[in-house]
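The structure comes first, and the notes follow by topic.

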Amino acid sequence: MADLEKLGRELERSGKAEALRKLAASAEGQRLAQRLDAGAVEAAARGGDAAALRALLGGVLGTAEGRQLIKSVEELMK
């Protein structure tokens, strides 16, 4: 959990956190978010269950919209 907090602080310092929030709030981000079971994602993340998290996200990120979102995040993180 400390690593995630550190990552959050680094994203805030770099200004990338706001850009990620905007991407998540976009129509594309909202459509993908609706496909996820937020409770299951949170439980997997809190429990450190990487395999479950990969499976949950893989179903969404494997779509054409998901792949486009991944490209957008990659560009943002450069």
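With which residue does glutamate 12 form a salt bridge, and how far apart are the closest N and O atoms? The partner is arginine 21, and the closest N and O atoms of the two lie 3.0 Å apart. The model is predicted, and it holds six salt bridges.

**Salt bridges**

- Glutamate 12 counts as partly exposed because its relative accessibility is 46%. Arginine 21, at 43% relative accessibility, is likewise partly exposed.
- Glutamate 42 and arginine 46 join their side chains in a salt bridge, with an N to O distance of 2.8 Å. The two residues are four apart in helix H4, so about one helical turn separates them.
- Glutamate 42 is partly exposed at 42% relative accessibility, whereas arginine 46 is exposed at 62%.
- Glu12, Glu18 and Arg21 belong to one network, joined by salt bridges that share partners.
- Arginine 35 pairs with glutamate 65 in a salt bridge whose closest N and O atoms are 3.0 Å apart. This pair links distant parts of the chain, 30 residues apart: arginine 35 sits in the loop between H3 and helix H4 (38–47), and glutamate 65 in helix H6 (residues 64–76).
- Arginine 35 has a relative accessibility of 48% and counts as partly exposed. Glutamate 65 is also partly exposed, with a relative accessible area of 22%; the cut-off for buried is under 20%.

**A buried glutamate without a salt bridge**

- Glutamate 28 lies in helix H3 (residues 27–34).
- The residue is buried yet has no salt bridge. Arginine 31 provides the nearest side chain of opposite charge, 6.0 Å away, while a salt bridge requires a side-chain nitrogen within 4 Å of a carboxyl oxygen.
- Leaving aside residues up to four places away in sequence, glutamate 28 touches Glu65, Gln68 and Leu69.

**Contact of H2 with H3**

- Helix H2 (residues 16–25) packs against H3 at an angle of about 65°, and the axes are 4 Å apart. H2 and H3 are therefore roughly perpendicular to each other.
- On the H2 side, Leu23, Ala24 and Ala25 take part; in H3 they meet Ala27, Gly29 and Gln30. The residues of this contact comprise four nonpolar, two polar and no charged.

**Alanine 55**

- Alanine 55 is placed in helix H5 (residues 50–61). With a relative accessible area of 57%, alanine 55 is exposed.
- Between alanine 55 and valine 41 the C-alpha separation is 9.7 Å, and the two are 14 residues apart along the chain.

Conventions: Residues numbered from 1 in each chain as written. Predicted model: local features only at pLDDT ≥ 70, side-chain atom pairs only at ≥ 80, totals over all residues. Heavy atoms only, no water. Buried < 20%, exposed > 50% of the residue type's maximum accessible area, 1.4 Å probe, protein only. Lys, Arg positive; Asp, Glu negative; His and termini not counted. Contact = heavy atoms within 4.5 Å. Axes fitted to C-alpha atoms, helices over the stretch in contact; angles between N-to-C directions. Parallel < 35°, antiparallel > 145°, perpendicular 65-115°, else oblique. Nonpolar A, V, L, I, M, F, W, Y, C, P; charged D, E, K, R; others polar.
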